[in-house]
Amino acid sequence: MLDRDQVLHVAALAQLELSEEEVTRMAAELSKVLDHIEKIRELDLEGVAPTSHVVDVVNALRADEPRPSLSAEVALRSAPEPLAGGFGVPTPGAAG
Amino acid sequence: MSGLIDLGGAGAAALVRAGDLDPRELFDAYRARAASNELNAFTWVAADTPADGVYGQAPLGGVPVAVKDLFCTEGVPSQSGSRILEGYRPPYTATVVSKLTAAGAPLLGKTNQDEFAMGSSNENSGFGPVLNPWDRNRVPGGSSGGSAAAVAAGLAPWAIGTDTGGSIRQPAALCGIVGLKPTYGACSRYGMIAFASSLDQAGPLTRDVTDAALLFSEMVGRDPCDSTSVAFPGPIDLPSAEHLRGIRLGVPEELTGADGGIEPGVRASFEAVLALAEGLGALVEPCRLPHAPHALSAYYLIAPAEASANLARFDGVRYGLRVAGTGDLDSMYSATRAAGFGAEVKRRIMLGTYALSSGYYDAYYGTAQKVRTKIAEDFRTAFDRFDFVVTPTSPWSAFELGAKTEDPLTMYLNDFCTVPMSLAGIPAVSIPSGFSDGLPVGFQLAGPAFSENRLLDAAHALERAIGFEGSGARG
């Protein structure tokens, strides 16, 4: 069960602004989904190794050789605020 | 023109290679149909016909391919169905798309999809839902619904999509076409806008199994740009089997019993195909996948967890939408994401962030990863006795627009039969098995990792015996 404070905490972690209506709806919907998911915690998984990846590949390495890459101009072409050869952003902590 | 459209991908490619068909004529015919786009299947259609002469002897013969929106294509809108990427034109092209172009399949257009591939009905697209060509009041499935509808309706000869928990197989089933989710790692993920990196896999959506094999044969391969990709052991062959003698098919009770909510028409079609399989010489027996009923729960922790990390990149800095907020950096991030993401994407980001958050990580994410281990073990055990595991692809046929949008959990049940294979990383193919109340139904076969050649051969034999008639959707 997720309450309003937990929803707001998770939304802050996810950098997601939610409206009041979304907070209410999210608490109900996520609680319902989590209630269903909870069942897996009843399984006996003692000693089972977790799987993070299904392919048996360990450390795919390659020679560290320079290759052509995107130019700064091309990389910045889709940016909302290209600035002096970089990505412009608002000042952290600036009051609105 | 209808004659051209009735050619499958492989059939058209063969005619081009024989010098009996001008690939420009074929491209123009499909471009006109794609541009008419009454199903909202395309988000972009190519304006120019490719130059003459380059495709004559290429393996794919100049037969154009429709590509799911989330594959980055240089200079062409690639929005992953999201308003947060509206108008985004990437500076590079996904490996799979480059390979297909090089093999003689030029880009016909980009297909609509659920936002960031999160959905089973295409109703989560930021650009409006795709309509099912068999009944325009119904969904095409998702998330590769645009690709599936385009192929079924003959707006494209063939298409590619991606499958994370069923996003190729389920829309293929609901639209009456073939969809292959390959072994994880068989196709490069480079240039695919990521949803859940340990599950995402590209694959073909086609009118028949032969087309799927041909398209897939040009998609596979290790890519230095995707370190999780692996070299496929040997070439992909075109399927030729006409019988199933000696093939053992396992029917998992856990996925085909009463718990899956399989609708009667889907069950009847499934059982009819099992009878056909026996007629072709297959041995059909029950098998066990004891942890499969928990696959959906594990999936809806693992996939959102990975998504919450992958979607952190959409922050209004490097590409896509930016909303100023109240003027500082954090406010810009959260206001941009609030405005750009749709409801389902927000839900999954929240679920994934929660599952990874301090104090809950072991209980949720860690537990789900252990369940994933057990599910993969279940399949390995089943494949000791059986060549393939078979299930209905989706518990139900295409449902009406809006029928399942109110309850996320009901929508998630679409993936009941497809998610276990995704978690195990094994290949699975959906083929049309017949109709339920006039709507197509899919039959799923799954095999061990890298068994695609055998899997497509068996699917080919069944496809011949079933004799599904898909021309009804091409109008």
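**Exercise 1.** Find the residues that B:Val65 is in contact with, leaving aside its neighbours within four places in sequence.

*Solution.* The model is a predicted one, in which local features need pLDDT of at least 70, side-chain atom pairs count only at pLDDT 80 or more, and totals for chains, interfaces and linings use all residues. Residues are numbered from 1 along each chain as its sequence is written, and chains are lettered from A and ligands numbered from 1 in the order in which they are written.

Step 1. Apply the contact criterion: C-beta atoms, placed from the backbone, within 7 Å.
Step 2. The partners of B:Val65 are then B:Leu100, B:Ala105, B:Leu107, B:Leu108, B:Trp158, B:Ala159 and B:Ile160.

**Exercise 2.** Which residues of the largest nonpolar core touch the most other members?

*Solution.* Step 1. Collect buried Ala, Val, Leu, Ile, Met, Phe, Trp, Tyr and Cys residues joined through C-beta atoms within 7 Å; buried requires 20 or more other C-beta atoms within 10 Å of the residue's own.
Step 1. The largest such core has 168 residues, and B:Val65, B:Ala149, B:Ala150, B:Ala156 and B:Leu301 touch the most other members.
Step 2. Helix α10(B) supplies the largest share of this core, 10 residues. Helices are DSSP runs of H or I with at least four residues, strands are runs of E with at least two, and both are numbered from the N terminus.

**Exercise 3.** Describe how α2 of chain A packs on α10 of chain B.

Step 1. For α2 (residues 20–37) of chain A and α10 (residues 295–310) of chain B, the angle is about 130 degrees and the axes are 9 Å apart.
Step 2. The helices α2(A) and α10(B) are therefore oblique, the class left after roughly parallel (under 35 degrees), roughly antiparallel (over 145) and roughly perpendicular (65 to 115).
Step 3. A:Val33, A:His36 and A:Ile37 make the contact from α2(A), and B:Ser297, B:Tyr300 and B:Leu301 make it from α10(B).

**Exercise 4.** How many residues of chain A are in contact with chain B, and which element gives the most?

*Solution.* Step 1. 46 residues of chain A are in contact with 54 residues of chain B.
Step 1. Helix α2(A) gives the most to that side of chain A, 7 residues.

**Exercise 5.** List the secondary structure of chain A.

*Solution.* Step 1. Chain A has 3 helices and 2 strands.
Step 1. From the N terminus on, their order is α-α-α-β-β.

Terms used
Axes are lines fitted to C-alpha atoms, for helices over the stretch in contact, and angles run from 0 to 180 degrees between N-to-C directions. Two residues are in contact if their C-beta atoms, placed from the backbone, lie within 7 Å. A residue is buried if 20 or more other C-beta atoms lie within 10 Å of its own, exposed if 12 or fewer, and partly exposed in between; C-beta atoms are placed from the backbone.
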